[in-house]
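Please read it alongside the sequence and the model.

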Amino acid sequence: DNCPFKANSDQKDSDGDGFPDACDNCPAVKNPDQADSDRNGVGDACQICPMFSDTDGDGVCDSVDNCPSIFNPDQKDRDKNGVGDACDTPPTPTPSPNGCAGDCDRNNRVGVDELVTGVNIALGNAGLDQCSAFDCNANGHVTVDCLVQAVNDALSGCPAAPTPTATPTVPANATCATAAEFQPAQLSCASGVITAIDFASFGTAEGSCGAFFAGSCDATDSFSVIVDACLGRATCAVYASASVFGDPCWGTAKHLNVQAECSAPSSATPTPTPIPCCGDGCPGV
């Protein structure tokens, strides 16, 4: 019996390697050494990947696996860059600066060819790097709502590009302070004292130093409170609190914004005050 531990009445040895089929760990391929590196009962000659050459166990050998460290038996590679989708880092979404979905070439228009590209990305036939402007939600995916938005932009036109906001000019002698509710706003002059209050609002003011503007919520006493607390002082601190200004919009988070002017430092040398002269030697004595 050429395989005494297994029934094999035909004593067949298909590959002629000296091991009958019933006892051969690779009966269709001649392997007289019966090598089985991973000891899984399948001879190395028949196994797709030898020992330790399929790290993620997805049935695709590391040598040809487009994502050897992550299980991906489908080997999907939408952008055709040789790296499987499971391992591919999605491109950083860069939507059109004017919010126009599908404006791939950034010309403020969406054409038919761009819409086709968007559909292919959504279906997985192309990668997002082909046109990241379709990722209107900046989540790394092209969704149905983004495709609908792109169609609307194609039919109705893209939104107008935003006008760049000019950087506000802050006066050289200005001092500003912003404080969240229940926190102090601190004004201070590097030299001199506070000579004028240009802006003061406890509420929902917006903007920045040199360009503050009042919001829909604005305490009517904001200006007078800051004038009383800060005018004529080199430094002052006022709490952004309804107990100080009153509550202009109950239940709404508020803050305090203030802009003031400091007196310019004097560059002239002050004239000394004469010391009174009394007694002998004084003029007229």
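The model is predicted: local features need pLDDT of at least 70, side-chain atom pairs count only at pLDDT 80 or more, and totals for chains, interfaces and linings use all residues. Residues are numbered from 1 along each chain as its sequence is written, and side-chain values use heavy atoms, with hydrogens and water left out.

**Helix H2**

Helices (H or I, at least four residues) and strands (E, at least two) are DSSP runs, numbered from the N terminus. H2 takes in residues 144–156, 13 residues in total. From first C-alpha to last it reaches 18 Å, close to the 18 Å expected at 1.5 Å a residue; the expected span is 1.5 Å times one less than the number of residues.

Buried means under 20% relative accessible area, exposed over 50%, and partly exposed in between (1.4 Å probe, protein chains only). The buried residues in H2 are Cys146, Leu147, Ala150 and Asp153. They lie on the same side of H2 because they cover an arc of only 120° around the axis, taken from the directions from the helix axis to the C-beta atoms. Val144, Leu155 and Ser156, on the other side of H2, are exposed. Helix H1 (112–123) is included in what covers the buried residues of H2.

**Gln34**

Gln34 lies in the segment before H1 and is buried, at a relative accessible area of 16%. Its side chain reaches the backbone nitrogen of Asn25 at 3.0 Å, a polar contact (N or O atoms within 3.5 Å; within protein, one must be able to donate a hydrogen and the other to accept it, and residues adjacent in sequence count only if both atoms are side-chain atoms). Leaving out residues up to four places away in sequence, Gln34 touches Asp17, Phe19, Cys23, Asp24 and Asn25, with contact meaning heavy atoms within 4.5 Å.

**Disulfides**

The structure holds 6 disulfides, each a pair of cysteine sulfur atoms within 2.5 Å. Three of them are tabulated here.

| Pair | S to S | About the S-S bond |
|---|---|---|
| Cys189, Cys262 | 2.0 Å | -85°, left-handed |
| Cys217, Cys249 | 1.8 Å | -75°, left-handed |
| Cys230, Cys236 | 2.0 Å | 90°, right-handed |

Cys217 and Cys249 are both buried. Cys230 is buried, with a relative accessible area of 1%, and Cys236 counts as buried at 6% relative accessibility.
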